There are 2 protein chains.
Amino acid sequence: MPPSASEGTYPNAPGAEAAVLASWNDGPAKRAIIDFVARATDRSSQCFVRPEDRIATFDQDGTLWVEQPIYAQVAFAFDRLAALAESNPELNEVEPFKSVLSRDQVAIGAFTLKELEPIAAATHTNITVEAFRAHVAEWIARARHPIFGRRYTELTYQPMHELMAYLRSAGFAIYIVTGGGQDFVRVFAEETYGVSRDRVVGSILAARFGHDTSGRPILTKIANLVLINDVASKPEGIHMMIGRRPTIAFGNSGGDQPMLDFTTGGGGHAMGLLLLHDDTVREYAYGPALGLPDSKVGTFTQALYDEAQERGWTVVSMKNDWKRVFAFE
Amino acid sequence: MPPSASEGTYPNAPGAEAAVLASWNDGPAKRAIIDFVARATDRSSQCFVRPEDRIATFDQDGTLWVEQPIYAQVAFAFDRLAALAESNPELNEVEPFKSVLSRDQVAIGAFTLKELEPIAAATHTNITVEAFRAHVAEWIARARHPIFGRRYTELTYQPMHELMAYLRSAGFAIYIVTGGGQDFVRVFAEETYGVSRDRVVGSILAARFGHDTSGRPILTKIANLVLINDVASKPEGIHMMIGRRPTIAFGNSGGDQPMLDFTTGGGGHAMGLLLLHDDTVREYAYGPALGLPDSKVGTFTQALYDEAQERGWTVVSMKNDWKRVFAFE
């Protein structure tokens with residue numbers, strides 16, 4: 001077996017020898033997971049899943065780490081834009097840069113995704129993949145979440161680390177399937193989640209091959225979108241990067257619905273899970289399924305909640321199913 | 001360590017316990033490989049390569065298996081077209097189908113790649129990924145090479161199987177980086193090479209997510225090219241699918257030059273290899289480096305040969321460096 005990068009030896013998760021799913025309350029979600037895995041790995045069961053088909057896919061924002069009040073990658077882009085503006089002060093005079101640089105929250109909140117594209121381009125393109133990686137690594141080590149005051153990688157959910165360790169111990173290969181940028185998430189996925197770079201399925205900006213002025217071969221990120229890995233594109237990205245229908249898929253919003261649909265609709269033993277953010281004390285509560293106001297990110301609609309009930313997808317309540325949310329608690 | 005599909009347990013290659021590179025003559029190529037790997041895995045060496053960076057990329061056509069007189073995938077497309085014409089006889093009347101279906105070798109030889117696109121579309125799109133997989137699996141089990149009269153998977157090179165086994169035993173992760181179709185090669189890569197589907201980097205036609213008439217979620221191959229994984233796009237495909245600069249790259253033509261350039265031009269301990277087809281007795285000889293006529297496939301030009309000498313890339317002579325070419329010998 002070749003080493004798939006740092007799989008198995010990463011600091012933020014307990015080893016398989018730790019108590020199984022220790023931060024999960026002994027409720028229906030934990031029982032459903034353990035029952036599913038027991039059958040998937042039992043050769044005498046009709047639900048046995050061949051080792052090569054033990055693929056588990058996890059959304060990131062709102063599933064593995066906090067996505068409120070702002071996606072980490074958006075915070076990165078805004079901080080990166082501020083750094084760029086130091087040497088390009090004219091950015092302060094032009095929208096949408098002006099609103100972002102002056103931290104005009106009302107204007108920022110009103111931007112459509114289309115209007116934010118120049119910010120993505122300015123902060124994510126015309127840069128070598130190595131330089132981009134260095135920027136993200138520096139930022140992820142330094143940046144602090146605006147409410148929690150902690151590093152974003154500290155705001156990953158301890159029960160999800162335990163779930164990934166548990167699934168690995170049962171022979172599952174773990175992939176991150178995120179709407180976020182593949183090159184962004186790859187920077188910390190190995191150390192934070194034990195997921196190697198080739199197992200990060202994310203939105204992809206093309207990297208163009210060429211040479212720098214000294215003739216050294218380089219890859220430069222350019223503004224050609226190869227994949228927006230969200231909603232219906234998640235199964236498409238899964239096919240491109242993995243080539244198998246997953247056995248387990250875990251998400252938290254409508255952006256993950258097709259991934260769960262694809263995973264559980266294939267006729268085999270499969271499990272869909274959705275994380276419900278219903279914990280105002282330890283994290284956030286959002287989504288109409290709770291009768292709470294809708295949110296711009298991570299929409300978990302009533303329709304999705306109803307579909308989960310109908311199709312047997314496991315809804316994991318942060319409030320009720322998790323004994324502990326973060327490792328630092 | 002998660003199981004990356006069937007890595008390590010595949011039928012056509014010897015285990016790591018077999019004599020190292022037994023089908024390689026004890027010449028400069030074999031010595032260069034063993035010396036490179038010894039230094040890459042020696043913690044006290046300045047050339048030590050961290051386990052997560054031990055990435056080896058292999059071209060397929062002409063590097064892992066026979067590519068003359070026709071690429072296997074082209075033979076598949078022509079056979080598939082014949083099957084389609086049985087229920088769609090009108091194909092026999094329209095070019096480029098007509099020439100292919102009547103096996104008009106002169107006309108076929110004169111087609112440009114652009115003119116062959118309708119054949120790729122007819123045989124590779126408007127089909128679910130599962131149905132396509134079944135067609136390829138059926139074909140690869142049945143089809144015979146026009147000259148050797150053997151299955152294409154039997155026409156893989158025994159020394160390359162041994163090299164992959166040797167590199168795996170030294171902790172390298174093996175990827176196939178082919179101009180061929182990702183979905184085509186994935187069908188047999190696990191069983192033939194021990195390379196799991198997520199480690200096949202190939203040309204990609206988009207797969208569109210949707211539902212069949214009974215509401216089952218499916219992926220359908222469509223005629224949108226996501227990646228033509230050849231020449232400069234090989235490093236780009238490597239970044240997309242792997243996310244690391246390889247340590248070892250093995251090819252056989254100008255289509256692989258950027259992959260070798262990218263691999264060995266990064267400043268680290270790295271190795272580039274090119275297979276020279278100079279064996280008219282056991283396989284084929286082609287390429288101007290031999291003073292032989294050029295070929296439509298697998299062009300190994302004099303310029304590439306010169307560059308290999310200049311940059312220290314190892315040119316592997318099939319005639320001189322390989323004791324045995326095929327397992328069936």
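# Guided tour of chains A and B

Start with A:P69, which sits in the loop of chain A between β1 (55-58) and α2 (72-87). Here helices (H or I, at least four residues) and strands (E, at least two) are DSSP runs, numbered from the N terminus. This is a predicted model, where local features need pLDDT of at least 70, side-chain atom pairs count only at pLDDT 80 or more, and totals for chains, interfaces and linings use all residues. Residues are numbered from 1 along each chain as its sequence is written, chains are lettered from A and ligands numbered from 1 in the order in which they are written, and side-chain values use heavy atoms, with hydrogens and water left out.

**Backbone stops**

Select A:Q68 with A:P69. The peptide bond between them is cis, with omega near 0 degrees. Jump to chain B. B:P69 lies in the loop between β1 (55-58) and α2 (72-87) of that chain. The bond from B:Q68 to B:P69 is cis, with omega near -5 degrees.

Next, pick A:V231, in the loop between β5 (217-227) and α9 (233-241) of chain A. Its phi is positive, near 50 degrees, and the residue is not glycine. Most residues other than glycine have a negative phi, and most peptide bonds are trans.

**Inside chain B**

Show α1 (residues 28-40) and α7 (residues 158-169) of chain B. Their axes come within 11 Å and cross at roughly 15 degrees. Axes are lines fitted to C-alpha atoms, for helices over the stretch in contact, and angles run from 0 to 180 degrees between N-to-C directions. That angle makes α1(B) roughly parallel to α7(B) (angles under 35 degrees count as roughly parallel, over 145 as roughly antiparallel, 65 to 115 as roughly perpendicular and the rest as oblique). Display B:I33, B:I34 and B:V37 on α1(B), then B:L163, B:Y166 and B:L167 on α7(B): these make the contact (heavy atoms within 4.5 Å).

**Across the interface**

Now colour by chain. The contact takes 45 residues from chain B and 46 residues from chain A. Four salt bridges are counted between chain B and chain A (a side-chain nitrogen of Lys or Arg within 4 Å of a carboxyl oxygen of Asp or Glu). Zoom to B:R244 and A:E190: they form a salt bridge, with the closest N and O atoms 2.6 Å apart.

Last stop: α8 (residues 182-193) of chain A and α9 (residues 233-241) of chain B. Their axes come within 10 Å and cross at roughly 55 degrees. α8(A) and α9(B) are therefore oblique to each other. Select A:Q182, A:D183 and A:R186 in α8(A); they meet B:H239, B:M240 and B:M241 in α9(B).
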